[in-house]
Amino acid sequence: MSLFWIVIRQLAEIEAMTDLLQAMSKKVITREEWEKKLNDVKIRKEDMNKLVMNFLVTEGYVEAAEKFRMESGTEHIDLATITDRMAVKKAVQCGNVEDAIEKVNDLNPEILDTNPQLFFHLQQQRLIELIRNGKVEEALEFAQEELAPRGEENQSFLEELERTVALLAFEDVSNCPVGELLDMSQRLKTASEVNAAILTSQSHEKDPKLPSLLKMLIWAQNQLDKKAAYPRINDLSTAKLEDPSV
Amino acid sequence: MPSSVSPATSASRPSTDLVARLSSSDLQVQLKALRDIKNQIIGNRTKKLTFIKLGAVPAVASVLADAFDAASCCASSSDLVVQSAAALGSFACGVDAGVRAVIDAGALPYFVRLLSSSDEKVVDSGARSLKMIYQSKLAPKYDFSEKVNMDFLLSLLNSENENVNGLGAGIITHSCETSAEQKVLCDNGVLLKLIDFLEGSISQRDASLESLASVMKDNTEVTSKFVEYEGGRALNLLVKLTSERSTRTRLLACACLIIIRNVSPGYLKGKGIETKLICYLLELLEEPGQVGDEASFTLSSFIEDKEDLQKLAFDANAIDLLCTHLQKDLLQPQRLEGILLALAHICSRLEVCRAKLLPMQAFDSVNDALRHDCADVRAAACMCMRSVSRSVQNLSAGFFMNEKIVLPLLQLLHDPTLSVQLAALRAISNIVVDFRTRKSSFVRWGGVKQLVQLSMSMNPSIRSNSLWALKNLTFDADNKCKEGVYGELTASSLASLIGDPEPPVQEQALALVRNLIDGSLDSVQYVFAEDSIVLDAVGRQLQRASTAEVGMQGMYVLCNVASGGEVHKDAVMDQLLRDTKNSSSPFITQFLQSNDSRLRTASVWVVVNLTTPSCRGVSSRIGKLRNAGIISQLKNMVNDPCLDVKLRVRTILGQYMTFGDS
């Protein structure tokens, strides 16, 4: 049985159990009893498939999504849009910000026009890449021509702008106080922001459902802990049921 | 894929050069130039303005026109169409000059034609660009009453393409203003279509929320249709949307519910929605960008003039939250304006709110905002000051009459923006009521001079509001203050203001005189100075009073004068019995017959004072009153519905009886 299946059933069972135990004092449920109850929980395969597809699509695993569609028959949105979106994300992750901007504008020119914060972060990333490549003069010119106006148009960007420009003041950029801007994590942050904006513009939820489901499981288990001792899933990656401590 | 990041070189490619390339005969060159321009301007307001100045918009528009005409025969032309439409749309996005330029370049009809293309990308580009245009006030007004227009609109709403749906909704949001327009839209099934969209995709839903607000606004019929739709299903949907993930959806849903509530509070009663709305809006204040900016304005529109909602907001800790935001660094002007406005509204009626705000450190920020660069912020700060200065408690304590607060307000009396001037005047009007009679400070700071100057303004609102401030200043003021005001104003100005063409100005001028002569007997001299120029002006104005308020203030002036000695009472008699050319009955008789009880009350008080038994000459005055038919008029009023009037009439008739019919 798949881990996923176990997790989902666990969640459903816990929710049912918590309701039941409203009025009772702490109860102990043995593994045997628990597994029996789990077996009675009905989960539809289609729902699970949709969750998986939702995850693959939102995260941008195009080929996996296509293969999954072929093998499970689960529908998804037009793959071309996923491909486009992934190309943008990848461009940012590689530091090719100008390319990413062009792609976003081809996809939907409204996105950057209506998302000043995102646009600023992309321009900021461009500046960071210039500094990373040691192109100091170009960086200065860029900061003056492209970023300074953003700060003028919107004062809330000024602080971040100052931080970024501070990079130019240091000889050894990787060791300066704002050095974290040069990290891969900054690129990933920007890439994630663009990804979310594209998803929203395509009228999709920008976060996959699966993580929420897992969070729900953890929360539900914590709730039930107050009322009962029962087999818990402590390691989400294995979905192993651990015996209740008596 | 290595790519040398060299934004500097493409940014420094002369923009004029790029614009010139748009007219190249080589389509590839054109396309590249288009894409370059498009990619430079998207998101970049400064660049948009630069290119607009270089005449890029008409150049791009002609590329669109040529490409469109050629589109059927040339595949690459559709690229040109899409790119040029996108560029034009971007020029129009949030930039007024861009919208104007795009409209002037004749691009709109082309956008419309793009909508019927078989190429989805072309349709998208046309729809998006038109949508941008319709987000601006400068877009042409859409006439819903024309059948062909309505059919077109419906086709947009019924399209499979979400961008096209969004365009339809955008047109409604832009152009639906009057109740007739709301009705014709509703009659054509638009309301139902919009309700459908609430369950559609995110973009359909958000666009629909905005449109619904404009279709339902202040319209009982349409709103009730919405509320009653399928037993309240649409309303429930709307309430659910207030807890959606997307902050923009939440804000729009709140705005919609507020519109419904403003039509009838009953629609939302008993569901605790009102408190929830306030809490949601207060949460949304945290959001960056447009959503956070607008949240405070939406909150203001909710609580404006509604004491019960202001109390709910107070209980929900709104003042603390707003003050926390107020003290943040680097607030965008729009956001600052919104917060100040919200504070102004929440403190407009409730003393608890004012009492909470005034001692807070954030109040300093309100004070500072009086000197902000942006006119709207200054106006909002003044409104806030006006609200808090309604606090009788603090006026009594002399809280406001200090340099820190008054000097910036006096500065604003000369503000280049009219709305700021008016807002400052209103705040000052409250502050000068100062009960601790520190009015001399106000005079010392040049306040009287400025107010008197403004009373000569070309603008009637400025005139009446400055007189209002002077009136409040002279309320219960000492002689020195009154002399100061009178001296600065001069009798002749006062007389001409009493005779001003605008009734509100006349009213305030008369009320000012009333306050001037109130109090000690000496003050009465003000109306007699310079050959009774002021008293004459009062009498003249009363003869042609066009509003009850003017009549009332004038009568109270006469009343105050008539509380003096024989000379004063006789002077009032003369005014009452002025020869008139048009009517044979004195104005007081007409006033006594007025439907407005305040006017009747003021008028009978004059007669009470004129017929005081202890004063010399009373019998001759009574004789004159009788001859003028005033006594018989009063006899008809012994059972006046207004108690004040009834009692005074009986007093007068009692006094009359003492002297008997002669």
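At what angle do the axes of helix H14 and helix H15 of chain B cross? I looked this up in a predicted model. The axes of H14 (residues 202-216) and H15 (residues 220-228) of chain B come within 8 Å and cross at roughly 135°. I therefore recorded H14(B) and H15(B) as oblique to each other, given that angles over 145 degrees would count as roughly antiparallel.

I next listed the residues that form this contact. H14(B) contributes B:Leu212, B:Val215 and B:Met216, and H15(B) contributes B:Val222, B:Thr223 and B:Phe226.

I then turned to helix H31 of chain B. H31(B) runs over residues 460-474, and its 15 residues reach 21 Å from first C-alpha to last, close to the 21 Å expected at 1.5 Å a residue.

Is H31(B) mostly covered or mostly uncovered? I found it mostly covered, with 12 of its 15 residues buried. Among the buried residues I noted B:Ile462, B:Leu467, B:Leu470 and B:Leu473, and also B:Arg463 and B:Lys471. The elements covering the buried residues of H31(B) include helices H28 (418-431), H29 (439-444), H30 (447-454), H32 (479-489), H33 (491-498) and H34 (503-517) of chain B.

Finally, I examined the ends of H31(B). Just after H31(B), I recorded a positive phi of about 55° at B:Asp476.

Methods
Residues are numbered from 1 along each chain as its sequence is written. Chains are lettered from A and ligands numbered from 1 in the order in which they are written. This is a predicted model: local features need pLDDT of at least 70, side-chain atom pairs count only at pLDDT 80 or more; totals for chains, interfaces and linings use all residues. Side-chain values use heavy atoms; hydrogens and water are left out. Axes are lines fitted to C-alpha atoms, for helices over the stretch in contact, and angles run from 0 to 180 degrees between N-to-C directions. Helices (H or I, at least four residues) and strands (E, at least two) are DSSP runs, numbered from the N terminus. Angles under 35 degrees count as roughly parallel, over 145 as roughly antiparallel, 65 to 115 as roughly perpendicular and the rest as oblique. Contact means heavy atoms within 4.5 Å. The expected span of a helix is 1.5 Å times one less than its number of residues. Buried means under 20% relative accessible area, exposed over 50%, partly exposed in between (1.4 Å probe, protein chains only).
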